[in-house]
Amino acid sequence: MYKVLKNFAFGFVVELENDSCFYSPESYRVYLDGQLYGEFNQNIISFFGLKPDHEYVVKFRAEHTEFEFSHKTESCSYLIDVRDYNAIGDGVSDDTSAINMAIYTAPQNSTVYIPKGTYLVTQVLLKSDINIYLENGATLLHDTTREKLAIVKGLQRDYHFENSTVNASWEGSPMDTYSSVIYGKWASNVCIYGGGHINGNGADSGFWVNPKVKQKAFRPRNIFLAECSNICICGVTSENSSSWNMHPFFCNDIRFIGVRAVSVSNSPNTDGLNPESCTNVEILGCQFDVGDDCIAIKSGRYFMSYYKYQPTTNVEIRNCLMNSGHGGVVLGSEISCGAKQINVTKCYFKNTDRGLRIKTRRGRGSKSVISDVSFSNVVMDGVKHCFTVNMFYHCDPDGKSDYVQSRVFQEPDDQTPSISNITVSNVICKEISGSAIFIFGLPESPARGIVIKDCEFSFAENRINECPDMMENFEIVNDMGVYIENGDEITETNNTYIGTYQNYIK
């Protein structure tokens with residue numbers, strides 16, 4: 001019936017156990033200790049603003065269902081109020097030093113409390129074993145004044161230039177970036193939770209102008225985590241980011257629960273959540289409405305595959321809503337260390353350009369192995385292109401080169417990526433304006449072992465005729481249903497197609 005996903009001193013998160021995608025079968029009125037807390041229609045529900053060390057009686061009531069359980073919040077050892085450190089929260093005063101001092105002087109296992117207000121900051125730095133509670137109505141607002149922002153060194157070399165560490169990344173390479181609103185390096189056992197907001201001030205920052213051009217450094221994120229472990233981000237809203245909203249990098253055991261990422265549709269490269277070279281990632285009950293990909297799983301460019309090889313592995317994406325964006329769940333294109341054991345289930349995609357999107361190209365390297373991906377029990381509504389695999393992805397300065405875009409067989413070498421063992425099952429796709437299935441592998445490295453079964457594809461009356469993914473010199477197929485070129489062991493079983501379509505399989 002339910003399970004508690006995460007417990008805090010000032011709240012907890014519950015997941016309803018059913019077969020529905022993101023939305024619960026019924027709307028529930030929820031009561032805590034007999035008092036109405038709210039009405040909800042999603043499967044994962046966050047409760048904040050509660051008392052520590054208090055046992056709550058929780059009642060869910062719907063038209064046809066009612067159940068009740070007791071749950072006790074965690075105790076709180078130290079509660080550190082940032083206002084006691086002279087944080088003002090008026091949106092004008094610089095609260096950076098006050099908040100960081102509150103974090104860095106807090107005893108182990110403390111909770112740093114950020115109450116209602118708008119706190120102007122250049123960067124908030126995480127510390128191990130310190131939680132941050134962003135109260136509903138609290139906003140961390142990024143001060144994007146270039147002269148005030150710290151620059152995080154991408155590749156930091158030691159004194160003798162014999163060793164180095166990576167502190168920051170830009171699109172798969174160790175590059176200097178401006179510091180993010182929240183930055184963590186080697187932090188562990190940290191929770192950032194509550195109903196508050198993280199506002200990257202992207203629209204007014206100037207970072208969206210010539211977005212790919214480096215200034216003194218590349219654009220900041222809202223949250224950047226480097227080599228962190230046991231991190232939970234829960235309930236907060238990431239909005240108006242200057243670039244990617246949330247970017248965990250070489251992290252282990254990280255959870256994003258009930259998080260919202262919001263960006264205007266024309267904001268450049270404002271991906272929602274991009275785990276890069278991470279292991280054991282959970283993305284549960286999150287909502288995305290962004291200007292680029294909703295969730296993009298990455299693992300660096302070619303240099304990183306040899307400097308610090310770490311594929312992204314063991315990712316669970318469940319009960320999430322992708323409300324708009326270029327891709328719903330995306331693998332690539334900076335994927336030179338590969339990705340495996342990716343499971344996507346019970347998600348709802350609404351009006352994204354693509355659903356499950358896999359993108360790579362020559363030059364990502366032979367360690368760029370994408371495999372063991374499961375995509376099941378998903379609803380897509382108004383998604384243009386439901387499932388795309390593109391091994392001729394044309395972004396990057398050299399993405400349109402003959403080497404990348406040539407359709408002629410090239411001998412496999414250490415620059416050749418591979419894709420295999422992808423399963424798509426029990427997916428319902430409604431109002432498809434583009435294509436159902438698009439698979440375009442390399443002639444020397446076909447996309448292999450792809451199974452699509454028990455799915456329903458229903459095409460819209462008004463169709464768009466375009467290339468389903470970003471590649472050069474593609475001959476348009478009108479009313480495309482299924483397009484497969486350079487595929488091997490592609491299996492379709494028990495799928496239903498409704499509407500007008502034509503297939504092309506080479």
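## A three-stranded sheet

In what order do the three strands of the open sheet sit? The order is β1-β2-β5, with antiparallel pairing; strands here are DSSP runs of E with at least two residues, numbered from the N terminus, and two of them pair if DSSP finds at least two bridges between them. Before going on, note that this is a predicted model, where local features need pLDDT of at least 70, side-chain atom pairs count only at pLDDT 80 or more, and totals for chains, interfaces and linings use all residues. Residues are numbered from 1 along each chain as its sequence is written, and side-chain values use heavy atoms, with hydrogens and water left out.

At the edges of the sheet you'll find β1 (2–7) and β5 (44–48), each pairing on one side only. On average, neighbouring strands of this sheet are turned by 25° against each other, direction ignored; the axes are lines fitted to C-alpha atoms, and angles run from 0 to 180 degrees between N-to-C directions. Strand β2 (residues 11–16) runs antiparallel to β5, and five bridges join the two. Pick Val 14 and you'll see its bridge partner in β5, Ile 45.

## Pockets

Now for the empty space. Rolling a probe the size of a water molecule over the atoms shows where such space is left. A pocket is an open set of points on a 1 Å grid over the protein atoms alone, with protein on both sides within 12 Å along at least five of seven lines, and its lining residues have an atom within 4 Å of a point. The largest pocket holds about 500 Å³, a volume being the space filled by probe spheres set on the points, which are joined across faces, edges and corners. Its lining has 25 residues, and Glu 171, Lys 212, Arg 301, Cys 395 and Asp 396 lie nearest the centre. Sorted by class, that's eight nonpolar, four polar and 13 charged; Ala, Val, Leu, Ile, Met, Phe, Trp, Tyr, Cys and Pro count as nonpolar, Asp, Glu, Lys and Arg as charged, and the others, Gly among them, as polar.

The second largest pocket has about 390 Å³ of space. It is lined by 22 residues, and Ser 46, Phe 48, Gly 194, Gly 195 and Gly 235 are the closest to its centre. By class, the lining splits into eight nonpolar, twelve polar and two charged residues.

## Ser 376

Strand β36 (residues 369–381) contains Ser 376. Ser 376 counts as buried because its relative accessibility is 15%, and buried means under 20% relative accessible area (1.4 Å probe, protein chains only). Leaving aside neighbours within four places in sequence, Ser 376 is in contact (heavy atoms within 4.5 Å) with Val 344, Thr 345, Lys 346, Ser 425 and Asn 426.

Key:
Helix = DSSP H or I, 4+ residues; strand = E, 2+ residues; numbered from the N terminus. Buried < 20%, exposed > 50% of the residue type's maximum accessible area, 1.4 Å probe, protein only. 1 Å grid on protein atoms, 1.4 Å probe; cavity = no way out; pocket = protein on both sides within 12 Å on 5 of 7 lines; lining within 4 Å.
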